[in-house]
Amino acid sequence: MGRRRKKTGTRHGLQGVTLCISTALVLILLGMVVFSVLTAKNLSEYVKENLTVTMMLGEDITNPEAKHLCAELQKRPYINNITYISKEQALKEQTQAMGTDPSEFLGTNPFVASVEVQLKGVYANNDSLKWISRQLKQDPRISDITYPQDLMDSVNKNLKKINLVLLILAVLLTCVSFSLINNTVKLGVYARRFTIHTMKLVGASWGFIRRPFLGNAIGIGLLAAVLANAALGAGIYALYSYEPGVLTVITWQVMAITAAAVFLFGIIITMLCAYFSVNRFLRMKAGDLYKI
C-alpha cells in the first residue's frame, strides 16, 4: 500500500513538473508577444520623435532674436526638442563637408540660420504637420519650413502594419496558449478523476472538491511565470549586452508590464483551465469515467 501511494505521489509530481514546464514555455511565448507590442510602440515613438522638421529663418535675423524665437517655440505643446543652427555654424559645417569655404569666392556667407525641430510622437504625422506648418509660417521670422513628407508617410504606414500584425499574433497566440495549457491541465485532472468522484460520493461540495485543484493550478501558474520571466529577463540582458542602445526603447516600464502580464496570464489561464476541467468530471457519472 505504501509503495502504491509512493508511486501515485511520484506520478502526480511528474505531472506537476510537466505542467509547470509546459506552462512556462507557453508563457514565454506570450511574454515575447507582450514585450514585442510594447517595444514596437516605443520604437514607433522614438522614430517619429527623431524625424526632423527644418525651419529656415530670415536673412536679417540676429542670433539673440533667433534664440528668443526658440524659447517661444519650446513652450508649444507639440515641440519635443529644438536645435538652433546659426549662419556661422551652418557655414562651418558645410565647409567641413565640402572641403572648401564657399564664402571665400562668394564674398559673403550664403547660408541662413535655421532651427531643427523634433516633434512629439503624436504630432509626427502629415495631418498634424500641415496645420503646424501653417501656424509657424505666420511668424515673419520664419521664411520656410521643410520636412521629409515621403519618409514620414512611409514610417507611419509601416508602423501601422507592424502593430496590426503584432495584435493579430497576440490574439492568436493567446487562444493557442489557452488550448495548450487547458489540455495539459486536463490531463492532470484526468489522472485524479476517480478521487474527484469518491469525494463527491462522500458528500463533499463542488467548491470543496475544486479548491485544492485551483490552489495547485495557481501555484503551478506562479512557478511557471517565475521561470518564464527569468528566461525573458535573460534574453533581454543578452540583447542589452550585444547592443546597449536597445534601452532607448526597452524601458523599465516595458519590462515591468511584461513581467506583470506573464504573472497574470499564468495565474488566470491555469486557474480557469483547472476550474473547467474539474467541473467536467464533477458532472460525470461513475460509468462515464471508465469510457474516457
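User: What places Asn 279 in a helix?

Analyst: Asn 279 lies in helix H9, which spans residues 252–283; helices (H or I, at least four residues) and strands (E, at least two) are DSSP runs, numbered from the N terminus. The model is predicted, so local features need pLDDT of at least 70 and side-chain atom pairs count only at pLDDT 80 or more, while totals for chains, interfaces and linings use all residues. Residues are numbered from 1 along each chain as its sequence is written, and side-chain values use heavy atoms, with hydrogens and water left out.

User: Why is Asn 279 called buried?

Analyst: Buried means under 20% relative accessible area, exposed over 50%, and partly exposed in between (1.4 Å probe, protein chains only). Asn 279 has 4% relative accessibility and therefore counts as buried.

User: What makes the pairing of Asn 279 with Arg 210 a polar contact?

Analyst: A polar contact is a pair of N or O atoms within 3.5 Å; within protein, one must be able to donate a hydrogen and the other to accept it, and residues adjacent in sequence count only if both atoms are side-chain atoms. The side chains of Asn 279 and Arg 210 are joined at 2.7 Å, and their pairing is a polar contact. Asn 279 also touches Trp 206 (contact means heavy atoms within 4.5 Å), not counting residues up to four places away in sequence.

User: Why is Arg 211 called exposed?

Analyst: Arg 211, in helix H8, has a relative accessible area of 53% and is therefore exposed. The C-alpha atoms of Arg 211 and Val 278 are separated by 9.9 Å, although the two residues are 67 residues apart along the chain.

User: Which residues touch the most other members of the largest nonpolar core?

Analyst: A nonpolar core is a set of buried Ala, Val, Leu, Ile, Met, Phe, Trp, Tyr and Cys residues joined through side-chain atoms within 4.5 Å. In the largest one, which has 31 residues, Leu 27, Val 185, Val 189, Ile 196, Ile 209 and Val 278 touch the most other members. Two or more residues come from each of helix H1 (2–49), helix H6 (149–190), helix H8 (206–242) and H9. H8 gives the most, with nine residues. A second, separate core of 23 residues includes Cys 70, Val 115, Ile 132 and Ile 142.

User: What does Leu 27 touch?

Analyst: Not counting residues up to four places away in sequence, Leu 27 touches Gly 221, Ala 224, Ala 225, Ala 228, Val 262, Phe 265 and Gly 266.

User: Why does Gly 266 count as buried?

Analyst: Gly 266, found in helix H9, has 0% relative accessibility and therefore counts as buried.

User: Which residues of helix H7 are buried, and what puts them on the same side of H7?

Analyst: In helix H7 (residues 193–201), Arg 193, Ile 196 and His 197 are the buried residues. They cover an arc of only 95° around the axis, so they lie on the same side of H7; the arc is that of the directions from the helix axis to the C-beta atoms. Just after H7, Gly 203 takes a positive phi of about 95°.

User: Why do strands E2 and E4 stand at the edges of the sheet?

Analyst: The sheet is open, has four strands in the order E2-E3-E1-E4, and pairs in the antiparallel sense. Two strands pair if DSSP finds at least two bridges between them. E2 (79–85) and E4 (142–146) each have a single partner strand, so one side of each is left without a neighbour in the sheet.

User: How do you know that E3 pairs with E1, and what makes E3 largely enclosed?

Analyst: Five bridges join E1 (residues 52–57) to E3 (residues 114–119), and the strands run antiparallel. E2 and E3 pair over six bridges in the antiparallel sense. Five of the six residues of E3 are buried, so E3 is largely enclosed by the rest of the structure.

User: Why is Gln 118 called buried?

Analyst: Gln 118 is found in strand E3, and its relative accessible area is 12%, so it is buried. The side chain of Gln 118 makes a polar contact with that of Thr 52, at 3.0 Å.
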